[in-house]
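Dear colleague,

Please find below the structure that I am handing over to you. My notes on it follow directly after.

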Amino acid sequence: MPGCCGCWEVLRPPRYKHLVDSIFPANPQDGLVKNNMDKLTFYAMTTSEKLDRIGMYLEQRLSRDISRHRIGFVFVAMDALDQLLVACHAHSLNLFVESFLKMVQKLLECDEPELQILATQSFIKFANIEEDTPSYHRRYDFFVSKFSVMSHSGNRNENVKSKIRGAGLLGLQGVVRKTVSDDLQVNIWDPVHMDKIVPSLLYNMHTPEFMSVNLESPRDEEHPAYIAEMVFRDLVCRASYGNVKSVLQPVLCHIDNHRLWVPNEFAVKCFKVIMYSVQQQYGYLVIQMLMSHLDTHTNSDPGIKASIIEVLYESVLISAGGSIGPSVLDVFNTLLRHLKISVDNKSSDSEKRNMEKKFEEAIINTIGEFANNLPDYQKIEIMMFIMGKFPQFGENEEMGFNMDNYLQTMLLKTLLKVATKYKTVIMNNAFPPEFLHPLLRISILEDPGLRVVVQEILHTLLDRHENTNKLKTVTIPKDVVSQLDLTIDKVPRQDSLFMKKNGIQFYWHIKENLQMDTNKARNFEALYCTMCLISIEMGGDDILVELIRLALDIQQMALDSKLPSTHQCCNHAIVAAYLNVVAQINNLSPLVQYLSDLLELRRKEASHLLPEFAFNRANRPSSYPTENKMEERWLFDQTTLQEILTDCGHDASRLSAPLAQRPHSTMGTMLHDSAVASSMSDIGSINIELDSMESSPLLSRKKVEEITVESLKKMLAEDQSQKREEEAKKRQEIFDTFQNAPFEEILARAEAKSNCFHDKLYEILETTSPESPNHSEESLNAVPVFEMQFPSLYVY
């Protein structure tokens, strides 16, 4: 008997098998035998070396039950596996996981939807477990492929299809969650995986349920569209710096392949999800990817490009201030390049041209939003960058002659859009010379529409108190400040200094604009608004006389020019309205009274010189006086204005001196070119004279002998009186200039003279320098002066 007992002990199955067998009930509907499952769990936790054998045995039973279609026992086995996974965290869990993944894979390979869903649920539970030990030999390629296939399920039963798709999407989330933080696992961000995961998510998101989300209506959390959105947000949120592009590239390819740019509701919503989900510091990568993708569609349909720009615009609205990234100018350069390409596309198809216009407007709006995210100093740089897109032009070359008028309009609109995002604090910062001078030169373009846009840019940058809309109509109210509701503050000293330095620029270009034949009513109104804003924002006591001098110069220009009657009336009306604003905002009561009396006289005798008539768009040529005469009593008198200013305590001596005819900055190129040309000619003449003297020494000696002391005395006596008159005249001119001319004009003359001198000196040094390319080889090889041996005759 003892021997028989020993044989039976050998034949008895191992304990772990007995425990596994005991958890299965007679009827699978009853589920796991709870008490026996607790015993199996305790055994697995206390003897962890048996855990891998438990997994293998459960795998064998599961395979047998699947082959025999005993679905109930399959559910029991998977339930046991899930409980063991959650309870056991031993170092030998890896071997058990291998068995578990094999069982999940077998279930996913079945055609039964309920088994696929069961396997997915078990895999999700496994994905949520944080393992203590690394794993070196797992592969998840099958699971990525299978879950992606499930996400595209086309089951005829809508309920079953929805469940399978939802399970596949959650399975993909489980794979990402399990592998994203484990460096030893497969790199889930590789294109081979992302090209399956991302399109599966987007495929399920592109549904009417996702597109028509109503915040007030309850959401079906089990719908594949919402599950896909949740998984997509989780995927984007987990993407690090190097992996954002791995997610975005399949998104862009999916939208391209399925032609989802037009209409672009889905693309816009998709990128909104991305921008709200991506880590804030990586938002600019999304912008860069969209910019690069726009480059790939350079030759595509304008509707597609417009849709990409709209997506870019919405993305910028969501992005944070630093989302543009370090390459700011590259972004603007790309957008402006596409703007120019669109403008150059002169399609004869009206529908396509309209689409191109929408694309151009979208670019301008996007540039504005980009600029809105930049600090103020960068906004100025962007405006100067846009200004640089205009071609360079010389003094005798009209700007825009070789440039498309429509492209100029688009660039100026872009500049205006950026300017609206800038908040002016100090005028010197808002108008650096590199920006102010080209902008004012553009203001004298031939096209009246472009000139209006330039004035609007000036309005945006000059106006710090939102007075622009109140000054767009030329009127003469009795109380300017209260009736127009103007906001007026004390002029900062920095702005007064800025105006002293650059006022001549504004004055000259305003006069040039007012005497253009192509002006329309809106041009005059825009210029009037600019003049008023200059007076309000920078019109301190220091430049009050210059402001009134500008009005007198405009009045004189209207009298001297051969402009049409309509233009002359507009100029005289602007002068009256402008002086009324200057007088009232500076509290010059005598000047206000003088203006009131003169305007009353105009109402009685010359109503055509008032804004009510001059800017009445219902006027016809017959409405204007037939005789083009101008009485002096209708005009503003310089002497009277000078007396009024003197009585008010202002130095009105400068009122008699007209403003400079042309600012120095606009003559810079011409002066430089002429100086260079003259210096070169002077140098050449010097060389020629020296050569001639050296080539004919006898002739030169003969001329010296003919010049005697008596002849020199005679020449001096003849020229003495004439020279005295010329010197006296020059001294008087210099005296008058320094006494009456504005400081800016004196400074401009001194700078021009200094620049001319330096240019000549530079040219002489360049010509005589050994390094000069014009220098001969003999001179290069000549002996230096300090090494030359001079005869004793030349040594002192």
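K125 and D82 form a salt bridge, in which the closest N and O atoms are 3.6 Å apart. This pair links distant parts of the chain, since K125 belongs to helix α7 and D82 to helix α5 (residues 71–87), 43 residues apart. Please note that the model is a predicted one.

Helix α7 itself covers residues 113–127. The buried residues of α7 are L115, Q116, I117, L118, A119, T120, S122, F123, F126 and A127.

A second salt bridge joins the side chains of E158 and K161, with an N to O distance of 3.2 Å. Both residues lie in helix α9 (residues 158–179); because they are three residues apart, about one helical turn separates them. E158 counts as exposed, at 53% relative accessibility, while K161 counts as buried, at 18%.

The side chains of R464 and D495 also meet in a salt bridge, at 2.7 Å from N to O. Here again distant parts of the chain are linked: R464 sits in the loop between α23 (448–462) and α24 (480–484), and D495 in helix α25 (residues 493–514), 31 residues apart. R464 is partly exposed, with a relative accessible area of 22%; D495, at 1% relative accessibility, is buried. Together with E537, R464 and D495 make up a network of salt bridges. The total count of salt bridges comes to 24.

As regards the chain as a whole, the protein contains 36 helices and zero strands. Of its 796 residues, 47% are buried. Among contacts with a separation of 6 or more, 75% are between residues 24 or more positions apart. The accessible surface of the protein chain comes to about 41,900 Å², and carbon and sulfur atoms account for 53% of that surface.

With kind regards

Key. Residues numbered from 1 in each chain as written. Predicted model: local features only at pLDDT ≥ 70, side-chain atom pairs only at ≥ 80, totals over all residues. Heavy atoms only, no water. Helix = DSSP H or I, 4+ residues; strand = E, 2+ residues; numbered from the N terminus. Buried < 20%, exposed > 50% of the residue type's maximum accessible area, 1.4 Å probe, protein only. Contact = heavy atoms within 4.5 Å. Areas by Shrake-Rupley, 256 points an atom, 1.4 Å probe, with all protein chains shown as cover. Expected span 1.5 Å × (residues − 1). Salt bridge = Lys/Arg side-chain N within 4 Å of Asp/Glu carboxyl O.
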